[in-house]
Amino acid sequence: MKDRTLKPTDEKNRKRLIRLRETLGMRTSELASEIGKSKRQVEHYESGFTKVPPLVLRVVESVAKEQEAANA
């Protein structure tokens, strides 16, 4: 059976994704739509079942910056 334990850097990325989504005030489905992923895939990232790809993290960070600029 494959070990599903995340490495420390992967765990850090998972927590960062959750924190960014919560900061944006989005539900999982809203974030998924915004970044072009399925709700299920975002749930897998957040649960740690799947590693968060660096590109996904950058896109979410970009969305957060855009929203911050729009609110300023």
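The radius of gyration is taken here over C-alpha atoms, and the globule rule is 2.2 Å times the number of residues to the power 0.38. With 72 residues, a compact globule would have a radius near 11 Å; the chain has 12 Å, which agrees. Along the principal axes, the C-alpha atoms fill a box of roughly 50 × 20 × 20 Å.

This is a predicted model: local features need pLDDT of at least 70, side-chain atom pairs count only at pLDDT 80 or more, and totals for chains, interfaces and linings use all residues. Residues are numbered from 1 along each chain as its sequence is written, and side-chain values use heavy atoms, with hydrogens and water left out.

The secondary structure comes to four helices and zero strands. Helices (H or I, at least four residues) and strands (E, at least two) are DSSP runs, numbered from the N terminus. From that end, the elements run α-α-α-α.

Next, burial. Buried means under 20% relative accessible area, exposed over 50%, and partly exposed in between (1.4 Å probe, protein chains only). Of the 72 residues, 31% count as buried. The accessible surface (Shrake-Rupley method, 1.4 Å probe; for residues, only the protein chains shown count as cover) comes to about 5200 Å². Carbon and sulfur atoms account for 50% of that surface.

Now the interior. In soluble globular proteins, nonpolar side chains tend to be buried together. A nonpolar core is a set of buried Ala, Val, Leu, Ile, Met, Phe, Trp, Tyr and Cys residues joined through side-chain atoms within 4.5 Å. The largest one here has 15 residues, and L17, L24, L31, I35, V52, V56 and V60 touch the most other members. Two or more residues come from each of α1 (8–24), α2 (28–35), α3 (39–47) and α4 (54–71). Helix α4 gives the most, with five residues.

Contact means heavy atoms within 4.5 Å. Among contacts between residues at least 6 apart in sequence, 55% join residues at least 24 apart. The partners listed below leave aside neighbours within four places in sequence.

Start with Y45, in helix α3. Y45 counts as buried because its relative accessibility is 4%. Its partners are R14, L17, K37, T50, K51, V52, P53 and V56. V56 in turn is in contact with I35, K37 and Y45. M26 is 19 residues from Y45 along the chain, and their C-alpha atoms are separated by 15 Å.

E46 also lies in helix α3. At 11% relative accessibility, E46 counts as buried. It is in contact with R14, L17, I18, R21 and T28.

T28 brings in helix α2. T28 is buried, with a relative accessible area of 14%. Its contacts are R21, K39, V42, E43 and E46.

Helix α4 holds V63. V63 counts as buried, at 11% relative accessibility. L24, M26 and E34 are in contact with V63. The C-alpha atoms of V63 and I35 are separated by 8.3 Å, although the two are 28 residues apart along the chain.

Last, charge. Lys and Arg count as positive and Asp and Glu as negative; His and the chain ends are not counted. The place of a charge is taken as NZ of Lys, CZ of Arg, CG of Asp or CD of Glu. The chain has 16 positive and 11 negative side chains. The centres of the two sets lie 6 Å apart.
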